[in-house]
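Try each task yourself before you read the solution.

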Amino acid sequence: MHKRARLILVLSALALLGLLVTPEVARADPPTPLNPLTSGGESIRNLFNLVLIPALVVFFGVEGAILYVVLRYRRRPGTVAEPAQIHGHTRLEVAWTLAPAAVLAMLFFWTVQTLESVQAVPPDALRVEVIGHQWWWEFRYPDLEITTAGELVVPVGKPVRFDITSADVIHSFWVPELAGKVDAIPGQVNVTWVEINEPGEYAGGRGRDEHLHGQCAEFCGMAHAYMLLRVKALPPAEFEAWVERQQAPAPEELTGLAAQGRDLFVNGFCQACHTIRGTSAQGSIGPDLSHFASRDLLASFLDNTPENLRAWIADPPAVKPGTKMPKYLLSPEEIDALVTFLKAME
Ligand code: CUA
């Protein structure tokens, strides 16, 4: 074999090996749509397998035939004469036109069928408006009069309908284990739905921790990579309790540092962008922070701990480059007061 040919062969093998190894290196336990928790996710996975199997048969069939012909009919010492030349073969040509056409027609039929099943929202589904923002997710429950951000709480064993849209640019709503990606497009509402039926196993820690993770799957600007979300599927009774807690107004009886924090929040910069129901803070640019302390997720990607919250308030762009929340000159005492106040918003 020529030196150059050997080099190309070695490089190709290395590239293939790289493709196989990279995802393992990137993430030990990646979220996967191949192990779905919902009927919609399952029908998408089944369609994927239906496409994958014929594609593999075709790939190995064609590549195998090429390899066989290249090796079997290679030029050998002593062969001088040109092989027989063949022009056209009507029956073969008709066959290799009709066979792929039939395969494609079947795939088309299965795709349309899957689309219909994925979009057939049960009429009794709980409605959640999912709104993409640069760079966080807003979740409104219009029938329950609840608004949250970053963390999507749904009941187990009940269909949930997502009306997905955007407040600014195009985002894409994706929780791999639940359903297919759905674009969040300004001025348009795209609908999908899920029903999660595994409270025990699910709440018990499927994936990296007890939460399903999702992410924005459409490049939407500087902080796109931080535009994550978590899904919490609660058993019906726990979900009811969560709803009641979220519907309650903000606690009024605050003293000391928490009361100072509230005064700072409702009279200072914070209220220009944020709402806390039950207070005079009614801003609508940033996430609704009513019952902020009940959420596990801060700024769409951090654990909601006092330390993370302190760092976040002190200098948001340092924590999440690109965020639209600016850095304000706050004293450490003021930051402490705000953290205490927000942590009291249970
Ligand atoms: Cu939103 Cu990417």
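## Exercise 1: Domains

The centres of domain 1 and domain 2 are 31 Å apart, taken over C-alpha atoms. This is a predicted model, in which local features need pLDDT of at least 70 and side-chain atom pairs count only at pLDDT 80 or more, while totals for chains, interfaces and linings use all residues. Residues are numbered from 1 along each chain as its sequence is written, and side-chain values use heavy atoms, with hydrogens and water left out.

**Task.** Find which residue ranges make up the domains, and how many residues of domain 1 are in contact with domain 2.

**Solution.** 
- Step 1: the domain assignment lists domain 1 (31–71 + 88–120), domain 2 (126–246) and domain 3 (256–343); such bounds come from an automatic or database domain assignment.
- Step 2: contact means heavy atoms within 4.5 Å. By that rule, 14 residues of domain 1 touch 16 residues of domain 2.

## Exercise 2: Two helix pairs

**Task.** Work out how H2 packs against H3, then how H6 crosses H10.

**Solution.** 
- Step 1: helices are DSSP runs (H or I, at least four residues), strands likewise (E, at least two), numbered from the N terminus. Axes are lines fitted to C-alpha atoms, for helices over the stretch in contact, and angles run from 0 to 180 degrees between N-to-C directions.
- Step 2: helix H2 (residues 39–72) and helix H3 (residues 90–119) have axes 9 Å apart, at an angle of about 170°. H2 is therefore roughly antiparallel to H3, since angles over 145 degrees count as roughly antiparallel, under 35 as roughly parallel, 65 to 115 as roughly perpendicular and the rest as oblique.
- Step 3: on the H2 side, the residues that meet H3 include Ile44, Leu47 and Val51; on the H3 side, they include Leu107, Trp110 and Val118. The residues of this contact are 7 nonpolar, 5 polar and no charged. Here Ala, Val, Leu, Ile, Met, Phe, Trp, Tyr, Cys and Pro count as nonpolar, Asp, Glu, Lys and Arg as charged, and the others, Gly among them, as polar.
- Step 4: the axes of H6 and H10 come within 7 Å and cross at roughly 100°, which means that H6 is roughly perpendicular to H10. The residues of this contact divide into 8 nonpolar, 3 polar and 3 charged.

## Exercise 3: The largest pocket

**Task.** Locate the largest pocket: which domains does it lie between?

**Solution.** 
- Step 1: on a 1 Å grid over the protein atoms alone, a pocket is an open set of points where a 1.4 Å probe fits, with protein on both sides within 12 Å along at least five of seven lines; lining residues have an atom within 4 Å of a point.
- Step 2: the largest pocket holds about 770 Å³ of space, a volume being the space filled by probe spheres set on the points, which are joined across faces, edges and corners.
- Step 3: its lining has 37 residues, and His274, Gly286, Pro287, Trp312 and Met325 lie nearest the centre. By class, 25 are nonpolar, 8 polar and 4 charged.
- Step 4: H8 gives the largest share of the lining, 3 residues.
- Step 5: domain 2 and domain 3 both supply lining residues, so the pocket lies between them.

## Exercise 4: Backbone details

**Task.** Find which residues a cis peptide bond joins, and where Glu145 is placed.

**Solution.** 
- Step 1: the cis bond joins Gln134 and Trp135, with omega about 5°. Trp135 sits in the loop between strand E1 (126–133) and strand E2 (136–141).
- Step 2: Glu145 lies in the loop between E2 and strand E3 (146–149). Its phi is near 55°, a positive value in a residue other than glycine.
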